[in-house]
Amino acid sequence: MASAAQVTRIGNGSDPAIYGNKVVWTSGGVIHLYDLTSKTDTTVSSSAASHPAIYGNVVVWHDESNGMPRLTVYDIKTAGRSYITKDVDIRSIPAIYDNRIVWSANYNESTHNHSIYMRDISNSTQTWIAEGEGYSSDIYGTKIVYSAEGRSMRDIFLYDITNKKTITVSPYSGSIQIPHMYGNKVIWIDNFIGSGYIDMYDVVTKKATKVTSDHTVNTLNGSEGLETGCDTGTHFDINGDKIVYSKSADNQFGYAGVYVYGIPSAESTPVYIYPRGTDTTPDIYNDTIVWGIDGDHSGYGGVNDTGIYMCDLSVTNTLPPVAEFTANRTYGAAPLVVLFTDTSTGGVPTSWIWDFGNWTYSKHAMNATHTFTKPGNYTISLIAGNNAGNNKVMKPNYIVVTNPFPVANFSSNVTHGYPPLSIQFTDLSQNATGWNWDFGDGSNSTQRNPIHEYADPGIYSANLTATNENGTDSKSTTITVMQLVGVGPYAYITNSGDNNVSVIDTATNKVTAMIPVGDDPVGVAVTLDGKKVYVTNFFDHTISVIDATKNKVTTTIPVDDAPRGVAVSPDGKRVYMPHSDMGNSSNNTILIIDTATNEVTATIPVGISPTGVAIAPDGSKVYVANSGSYPSYEGTVSVIDTATNTVIATIPVGNYPHEVAISPDGKKVYVACDEGSNNGYIYVIDAVKNKVTATVLVGNTPSGVAVTPDGSKVYVTNYLSNNVSVIDTSTNKVTATMNVGRGPISFGQFIGSLQA
């Protein structure tokens, strides 16, 4: 059996079968009958034919042309047809020998087996044989082989039609199935690992042989632990003293392709090599092998080919190949990965030697992938050979590899803070030889790792453009410089009894304006640039928008019932306002208002009775205090991802949480909770883990909470204690208590608003 036997393409389709000088296959549901002697292809009309089998002048196939599964029996000489409809289902695949056809149908859920049936087409008698596995019965002479549940998993059984006796022919039990038979030899696959390797058993000598397993681990392009040869059981057949099979992987056992195993010599020989991942469907009669490509496994790689191929092992190819190849790319930056594909003509090659021009070679691979790691021009050559000879093709400077393109990347020690904000930018770019920084405030730098100071509050886009001789690449990040509390011209205080807002000049601590707003103003938030002020009016069910340059309400936004807290995003584009509806828990939401249109653009369901709201300094998260419901008022904090407008965490806290504040670095969240019995607590939340890490006892009925610009202290208004608690954030302990007026409510109207 020469490995360079002549291979011929005889048609297009799938799943061919052969007997004598006739080959049958299907294409688009139509049966093709090919005569190897006359080289003629005859079609047999059908619209849904599959899995044909042939013996002598009879062809049988699975047929659903009429919408129901059946087996069609076709006489080649007379072109007559008959049909088997009894005990045939969608899984019935026929096998034929002489006048007998066997198949399986009618799956039994309790035994996990199908039934095996036999039809004698000479007298139209049909017989139930046994329970076995679908897709896995075969017939030779008066013997039927099938797999079924046996000693533990599956066994191979042989049924004698003459004496109606059944024997077990597999010497052991395992995941074995799909038997084929010729003479006194039965083959099957053991697919306990991989696609399965092929075993053979002689029912006369009782000798078992492992056809495609050498008991070693796959060490080439395989997975550690898988046995070599376990990729060969996708499709196989036996005839005479030969076994044909498909191999789909590359390892020390051989490369992917069609193989023939000589039983006397116990050796496998490649008939045709394919790229790794190609599953073929070989069938054999005497010295003639036919095969197609298994389209059901096309997703695993390999070739996209619908050809039907034939190889006569008795005819040696007398033509050497004419070497030729292509590449999926011939130019690019290092590291350049190139796939080389053999396109040789002439005689079918069975060996390949690639030279990639950098002292690197690849042998015996029909198609080769190579990575060029250094710039340069590379000459590629291929020697393709078979038993008739070999041929070489060389392509000078075929692959041109340039220096790698730059990939811009950098980090900064901080992304937000208060002015003057000094930031260390660190270049992390790849393959860069030049750096151009644009800090977004009109300043630039060409240093690799510059330090830049932002003097004024604002939202800045810091951009790095990395360069080299091949091109440029850029990356940006957002820097948020926040307004310092008490620095900057004004503080805004809501006066709920007077229905106005007091404007305080923080330089002189004098009231400079009184701005009329709605009924019972409660919450207040100021944009980062200080140009707009948003005030919630509790009884009006509105938000007043103040132009801070004119101290005048320019817009009134209608919202839902009883608005309280309010927060504005660092970029000034969105306002977040809690909406509470005690009568309908599904209507407890956060309203998102577009500041450009002053319209509600989204609502996000949160916990029961949301009140306080705060935004992380970088604008990525919103924290909402949900007060709960009567009588316990067990509260939670909803954490909203502003990129998706979804709640990503719900954190249990104490009773009746009112306001919430965030540390300048965004790592801690402080929630004021009223526990009753003169006990009020601040709950400290780790913003990374979304978990309460500490509680701090403060005064009676804590309401407002705010964090100093340096993050060192937290101030808490205690409504019924008439005082303010000062917490040291490093120890989470109260370090001072200051008496103030009656019923202090909120810092959100002063510190919190300017901090935003």
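Q: Leaving aside neighbours within four places in sequence, which residues is Ala408 in contact with?
A: This is a predicted model. In it, Ala408 is in contact with Ser429, Leu464, Ala466, Asp473, Ser474 and Lys475, once neighbours within four places in sequence are left aside.

Q: Where does Ala408 lie?
A: Ala408 is in the loop between strand S38 (389-402) and strand S39 (410-412).

Q: Buried or exposed, and why does Ala408 count that way?
A: Buried: the relative accessibility of Ala408 is 8%, and the cut-off for buried is under 20%.

Q: How many residues separate Ala408 and Gln6 in sequence, and what is the C-alpha to C-alpha distance?
A: They are 402 residues apart in sequence, and their C-alpha atoms are 55 Å apart in space.

Q: Switching to Thr729. Where is that one found?
A: Thr729 is in the loop between strand S68 (723-728) and strand S69 (733-739).

Q: Is Thr729 buried or exposed?
A: Thr729 is buried, at a relative accessible area of 9%.

Q: What does the side chain of Thr729 reach?
A: The backbone oxygen of Gly711, at 2.7 Å.

Q: And which residues does Thr729 touch, not counting those up to four places away in sequence?
A: Gly711 again, along with Lys668, Tyr670, Ser712, Lys713 and Val714.

Q: Now sheets. What is the strand order in the open sheet of four strands?
A: The order is S22-S23-S24-S25, and the pairing is antiparallel.

Q: Which strands stand at the edges there?
A: Strand S22 (236-239) and strand S25 (267-273). Each has a single partner strand, so one side of each has no neighbour in the sheet.

Q: How much are neighbouring strands of this sheet turned against each other?
A: By 20° on average, ignoring direction.

Q: How many bridges between S23 and S24?
A: Six, in the antiparallel sense, between S23 (residues 242-247) and S24 (residues 257-262). As one of the pairs, Ser246 has Val258 in S24 as its bridge partner.

Q: Next, S12. How many of its residues are buried?
A: Eight of the eight residues in strand S12 (residues 113-120) are buried.

Q: How do S11 and S12 pair?
A: Strand S11 (residues 100-108) pairs with S12 in the antiparallel sense over seven bridges. Arg100 has Asp120 in S12 as its bridge partner.

Q: What do S11 and S12 form, and what is the phi of His112?
A: They form a hairpin with four residues between the strands. His112, in the turn, has a positive phi of about 60°.

Key. Residues numbered from 1 in each chain as written. Predicted model: local features only at pLDDT ≥ 70, side-chain atom pairs only at ≥ 80, totals over all residues. Heavy atoms only, no water. Helix = DSSP H or I, 4+ residues; strand = E, 2+ residues; numbered from the N terminus. Buried < 20%, exposed > 50% of the residue type's maximum accessible area, 1.4 Å probe, protein only. Polar contact = N/O pair within 3.5 Å; in protein donor to acceptor, adjacent residues only side chain to side chain. Contact = heavy atoms within 4.5 Å. Pairing = 2+ DSSP bridges. Axes fitted to C-alpha atoms, helices over the stretch in contact; angles between N-to-C directions.
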